[in-house]
Every structure is written in structure tokens, then in C-alpha cells.
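Dear colleague,

I am passing on to you the structure we spoke about, and below it I have set out what was found. Please have it open while you read.

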Amino acid sequence: MAEALRQVDRELVENTRTFAFTTKLEKIVAWGRKNSLWPLPYGTACCGIEMMSVMGPRYDLARFGAEVVRFSPRQADMMIVAGTITEKMAPVILRIYQQMLEPKYVISMGACASSGGFYRAYHVLQGVDKVVPVDVYVPGCPPTPEAVLDGVMRLQRMIEDGSPRPWKESWEPGVYR
Ligand code: SF4
């Protein structure tokens, strides 16, 4: 009897080693979250066109689990701001961002979205981070599709590592509320 129980024990240990792994709940949630980002594309200008190519078959954003593009903020968790943003659009972006559910992320794609680009004009917002908290800035005019993919991968690493996002904690809607 004792020998039979020992045998069961040995088999249990062996099966556990073969078929099971241990992790933390936060880790597995982060793994699922980073591999199922749902983008909300906010494309306004030339960068918007470049963003579309990232989602096409050549660059295939689907490889990173982020191909389910949604135009409803309630079904998206990754806003990609791509293109020139005017002052008139600022309250709209803020409204859309506020309607997205937590946890939510923002990628600023290109010089115009990140800093106004070469449009130093009264009607152009000098960086979308004046309205919403940005997690990743992708440089370029326009950024290449590879650079956008790199931005998505950086965001995925941040989610996986549970990186602190102090800019989000200190963010307030400001004058566009
Ligand atoms: S960063 Fe360059 S490519 Fe992108 S919207 Fe501005 S002008 Fe166009």
C-alpha cells in the first residue's frame, strides 16, 4: 500500500513537471493584455495613411495581436494618434480618450502628433500630450511602419513589465475638459 502511494506521488510530481507551470496572476493577465491590444486609430493626415499600411498584409499588425481595429472607444484600449492635430480636435480626442475603458494606452505617431511638427501655428496643437497622457512617442515624418511596430512592441514590454506610468497618474484634462 505504502509503495503504491509513493508511486502515485512520483507520477504526480512527474506529471506536474511535464504539464504544469506556475506563475503569478498579474503576470498572466499582463501577458493576455499585451497580446490582445485593440487599437483605436485617430489618423488625420499623412501619418494616418502610413498607419493604415501597418495594419495591412505587408506589415501585418495582427502578428502582435493588435489587428482588431475599433472606432468605438468603448471597445478599444490603445489609441494611436497619427497626424496633425488642430486645436479644434483637442476636445474631441479628450472625449474619446475619456470614453475608453481602463487600462488604456496612447501612442503618438509622428512629429505632428508628438510636437506639432513644423506647424508652428496658432491653430495646431503642439503635441497631443497636452490633451491626453502619451505612453509611447514614435518619431518620424512620417514614421516608417517598422518604427510604428517598434512602438507597439515597446508598449507591450511596458505592459508585460508592469512599468510605472507616472505621466498618467499626474495627468489632468486641463483646459480642454
Ligand atoms: S509628421 Fe509628417 S507625415 Fe506625419 S502628419 Fe506630420 S507632416 Fe504628415
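How are α2 and α6 oriented to each other, roughly parallel or roughly antiparallel? Please keep in mind that this is a predicted model. The axes of helix α2 (residues 25-34) and helix α6 (residues 145-161) come within 8 Å and cross at roughly 165°. Since angles over 145 degrees count as roughly antiparallel, α2 and α6 are therefore roughly antiparallel to each other. The crossing in which α2 passes α6 is right-handed. On the α2 side the contact is made by Ala30, Arg33 and Lys34, and on the α6 side by Gln156, Ile159 and Glu160; sorted by class, this contact of α2 with α6 has two nonpolar, one polar and three charged residues.

Turning to the ligand, the residues around it are Ala45, Cys46, Cys47, Gly83, Thr84, Ala111, Cys112, Phe118, Gly140, Cys141 and Pro142. At least two residues of this shell come from α3 (46-55), and at least two from α5 (110-115). The shell around the ligand has eight nonpolar and three polar residues, while no charged residue belongs to it.

Lastly, the salt bridges: a search of the whole structure finds six of them. Because Arg6 and Glu3 are three residues apart in helix α1 (residues 2-19), about one helical turn separates them.

Note on methods. Residues numbered from 1 in each chain as written. Predicted model: local features only at pLDDT ≥ 70, side-chain atom pairs only at ≥ 80, totals over all residues. Heavy atoms only, no water. Near = heavy atom within 4 Å. Helix = DSSP H or I, 4+ residues; strand = E, 2+ residues; numbered from the N terminus. Nonpolar A, V, L, I, M, F, W, Y, C, P; charged D, E, K, R; others polar. Axes fitted to C-alpha atoms, helices over the stretch in contact; angles between N-to-C directions. Parallel < 35°, antiparallel > 145°, perpendicular 65-115°, else oblique. Left-handed = near helix turned anticlockwise from the far one by under 90°. Contact = heavy atoms within 4.5 Å. Salt bridge = Lys/Arg side-chain N within 4 Å of Asp/Glu carboxyl O.
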